[in-house]
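Take a moment with this model before reading on. The walk below goes from one chain to the next.

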Amino acid sequence: MRLANRGMVDRNAPVTFTFDGVGHSGFEGDTLASALLANGVRLVGRSFKYHRPRGILTAGSEEPNALVTLGSGARQDPNVRATQQELYEGLAAQSQNRWPSLDWDLLALNDLAAPFFGAGFYYKTFMWPKAFWEKLYEPAIRRAAGLGALSGLNNADTYERAFAFCDLLVIGSGPAGLMAALGAARAGADVILAEEDFRMGGRLLAETHEVDGKPGHLWAAGLLDELASMDNVRLMTRTTVTGAYDQGTYGALERVSHHVPRSRAPLECFWRIVAKRAILAAGALERPVAFRNNDRPGIMTASAVRAYANRWGVSPGKAVSVFTNNDDGYRTARDLVAAGVHVAALIDSRHDGPDLPGVHVIKGAQVCDAAGRKGLESITIRTHRGEEKLLTDCLAMSGGWNPTLHLTCHMNGRPAWREDIQGFAPVPGMIPGLQAVGACNGSFSTAACLREGAEAAEDALEALGFKPAALELPQAEDDPFRIAPLWSVEGKGRAWLDFQNDVTVKDVKQAAVENFRSVEHMKRYTTQGMATDQGKNSNVAALAVLADVTGRAIPETGTTTFRPPFVPVSIAAMGAGAQGKGFAPQRFTTSHKASIERGAPMIEAGLWYRPSYFPAPGESNWRQACDREVKMVRETVGICDVSTLGKIDIQGPDAAAFLDFVYTNTFSTLKVGRTRYGLMLREDGFVMDDGTCARLGETHFLMTTTTAAAGEVMRHLEFVHQCLRPELDVVFTSVTEQWAQFAVAGPKSRDLLDALLDKPLNGPDWPFMACGPVTVMGVKARLFRISFSGEHAYELAVPARYGDALFRELLARAGALGGGPYGMEALNVLRIEKGFITHSEIHGRTTAYDVGLGKMVSEKKDCIGKTMSERDGLIDPMRERLVGLKPVGAVKQVIAGAHLFEVDDAPVRENDKGYVTSVCYSPTLGHMLALAFLKNGPERIGERVKMVDHVRKIEALCEVVHPIAFDPEGGRMRD
Amino acid sequence: MRLPCPICGERDRREFYYRGAALALHRPDPDAGDEAWADYVHLRDNPAGVTRDLWYHEGGCSAWIVVTRNTVTHEVLGAELAEGAR
Amino acid sequence: MTELLAKTACDGLLSVTAGPFTLSEEPVAPLTSLMPYKGRDKALSAALEAAHGVKLPGVNRSTSKAGISVLWFGRGQFLLVGAGPDGSLAEHAAVVDQSDAWARVRLEGAGADQVLARLLPVDLRAASFKRGHTLRSPLGHMMASVTRTGVNAFSIAVFRSMAATLVHDLKTAMEGVAARG
């Protein structure tokens, strides 16, 4: 019911919307909840477990009942709090957790069976048989008990993340937050004022208090105008600070465009705010009182009823009653009367409450029952004279206020119990640099909020080194807060504590009876506080009931732990920026485009994309292409982009000494203009990486790493230099990206280069492993005579800008010689035929000894990993050591990852003798070929072993062969 | 979590690679014996309280730094360049 | 072919605009990494000034003169932009050509810092990050160098191979900020 001349909605801007398909209208400035109430809709949802009809309980983000689903299809948005959702034209909301309809929900049968469904019911009932839990019970329970559903479709919305920095973060824009922000801003500090609501002002928007002689919301508006005009202030509405983290980092969820029909703007933005200081001015949350059927639609918190009347000009009922244990409840009755709403009665559980002119105040009384299943019709009032019914369609209840101190607990701080407010309040220092002020600090009067806000700003300014600016404290009410505790009303039936998870007073008592007396145990046994509202409405009352039944005081009982996030945050918002291409960078070589043009499928190698193979006309599968490319390299010439290998430029007087320390072998003896293969160990003695290293000058080296380990090797080199050998005068930097580098491999590689380079190569100057400068079409380039294929081969490097052009030129020239490009598949076959290792073999658990390179660990010098690599266990011949395998039985297949056994042994773990790491079909040799690690392998050449793939159920008899299956003398690459 | 890089200033933890105890700075002599090497490579204390550990400012200036912090309070007490921290 | 045709790192990707923001590729310029040997910073700075008219900048700073600039580029590393290195520099520092190693873009438009705030976990407020200030920080997942070149202008560099991702990430951020109006 809309009230005349009340509220801040724009009566000139009507907005139409639907709820469960029924059309309604509201105004700009409404929330979905205020508009539903204005339209007389009281039943908005069904409860989680018992499917009880539920209405709107609150007017904020703590709402446990009024959760709806907005939109449909991929943009379906479940569990939206109607109390927070702003109304917009065409908004379509659906109720949740009911079937077939909200009004007639079949699963409400659960409610009738409630005596069986109490705390621990699931644990006790569905224990046996064990297998039934996963397959039968849990799915059924999950279907019946629940919230809104996800669409199951890919999320079509966009989300953002962002970082912000400030001197002072003020959380909450009520009187305390506004004063704090103004004080700090006037002094020149960078201030972020974050407000969860779409309008700043906090409780001032919902109350009729005057501040500085004018209505509170007008005072707030004036102050906000000043803040908005200042460059050093950032006002963030619709932004909930969700977590407090180390070193002044705060998480905040900004609902960017939930309040408008879908636009191109992101739906939400997740902020990481780094603040030197923070002031928490988050206010307080009113708590319900537990009594029988206190969950009837139409029973709300008193402050919510007042907020709907004052801010939105809506009365949630025609005959409203109030039930309170404190003075604050009287404000609801007072404001309703002023708005012309009939107040049927005010029931004060205290005997000494005040009087209120024009309102029937019943003191020393309690509400003990409520009737009206889908909407409140009457309540039962118990006094010393007995029980009587009162007709009322809305009950405003106030059990006192809980300071919204959640953020202060996010770093393991514990709040303290305060008798005077019957609530927990923060103690200083729970979050370094954060000060709680106003209602969230347990100071409930407007004057106290204003004062504490101003004082906290001064404290923050002092800590930040700013000189405080003039700030006058405005006049405001300073009423004392008077309360007498009342957590639950005695009586039969179910009195609800946790509306969202359907936990009653009886459930908490049952938990205590079954010895779940610790508050943390009670929480988990009853599920109290474990719903999306995280117990904001029920936590203190539940532990008060627990304290009572266990005969302990509340401080002794303690409270459960509040953890981030303060409100639910979607995974999409948390992971914003990482959707689709944002997940990881894509690294493209300069030959990418030309490779794609040739139809090469790309495979990922780390972040890089590399061609798998280059299909030729008539080829129908990758093997045909791969076999052809291998043959091509062995017989003519092949071109392969090898730019992805890490390249590190190393210079300085101590460069050679540095390399001697990081490589197992010696580089100080390497001649200028020569390249050497090097092996690097981790300090624990296992192989880290391998690659070639060229000496470009006396004090100038160029190291290459494998593609996958480039980053790790760079980090390792920096570690060795900065942490272990800072005295060495050596510097290095990655030049991976500067050079586009191509392998030119095969018997005709020399012919190709002689024709391509500006000057033909002089044979004696270019023996195997030579390197040096050349020019290609006038461009300064580097040439290395190195080979990963076992053929006479080179790698030619040009500045990356020429990469695309050079690749195309190389392909054209190779084509004329009967060659062409080759991809990763062929590269892999070529190296397996030659027994060259990759990270399939140096996978972190193999030593230089294991891969047959034990002799590369120089005896003459120390190096990283040397000492540990000499441990007995690491040089035991019975270790699994590198060998080659070829199938010799009926089954001609070898599979990477398969294990090796003696021919006659059962293929069980105890008999395991090794495993296969790399396999290929060798077109050169005409059979499958593998690299494997076999116990005592090198001593078993010529023997037979059994390969067993337990996954694919394949067994193959294999002969152990030398790992270098092709051209073991290496003549082809040396000549 | 934020770490004070002695070069770049205070930065978000995501810019740093974590290595572990600053013990890694004290590499034993090659002939220091098995025990010294096992301690160096494998054994680490797990203090409840002040600890010194190595971080690499990989996303920033590439400095290895030693951070002193408290594992209980999460307080970061200081940081210095590893090259001068031995 | 008689000549190898050069391509820029962002070939075919730029420029793009969204609302007030423009993203374009920086003009091609010689880039040289300078890493002074032990105790040679001062000598390098003097040699730089003599040869190119610019001194070595301090940490998180850049120096520039007549189209030549030097960016602080990390621990013990600087980037000379806009001129090929004079031979005298190699006496004091490792001099490494990086002209082709970086994709360099320019982001301009009122509120450009808000675009970068979507991607960089660093404080770019005008009061603390002024024109000529530079820093190294991960932009999304990419190691980047970011320099403020004007009130609403930044120069950003990441490894060349990641040019497409750089443009994608910046364009997404530009559109997100622009759509807020």
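The domain bounds used here come from an automatic or database domain assignment. Keep in mind that this is a predicted model.

Start with chain C. It is divided into two parts: domain 1 covers 16-28 + 100-180, and domain 2 covers 31-97. Domain 1 of chain C is therefore written as two segments, with domain 2 numbered between them. How far apart do the C-alpha centres of domain 1 and domain 2 of chain C lie? They lie 24 Å apart.

The two domains also touch. Eight residues of domain 1 of chain C are in contact with eight residues of domain 2 of chain C. Look at the domain 1 side. Strand 9 (134-139) and strand 10 (142-150) of chain C are the elements that give two or more residues to it. Strand 9 of chain C supplies the largest share, three residues. By class, this side of domain 1 of chain C holds five polar, two nonpolar and one charged residues.

Now turn to the contact between chains.

An unreviewed UniProt entry places the feature "domain: SoxA A3" at residues 492-577 of chain A. What is the chain like over residues 492-577 of chain A? This stretch is 42% helix and 6% strand. Its end C-alpha atoms are 53 Å apart.

Definitions and conventions:
Residues numbered from 1 in each chain as written. Chains lettered and ligands numbered in written order. Predicted model: local features only at pLDDT ≥ 70, side-chain atom pairs only at ≥ 80, totals over all residues. Contact = placed C-beta atoms within 7 Å. Helix = DSSP H or I, 4+ residues; strand = E, 2+ residues; numbered from the N terminus. Nonpolar A, V, L, I, M, F, W, Y, C, P; charged D, E, K, R; others polar. UniProt positions renumbered as here; feature names shortened; annotations may be inferred.
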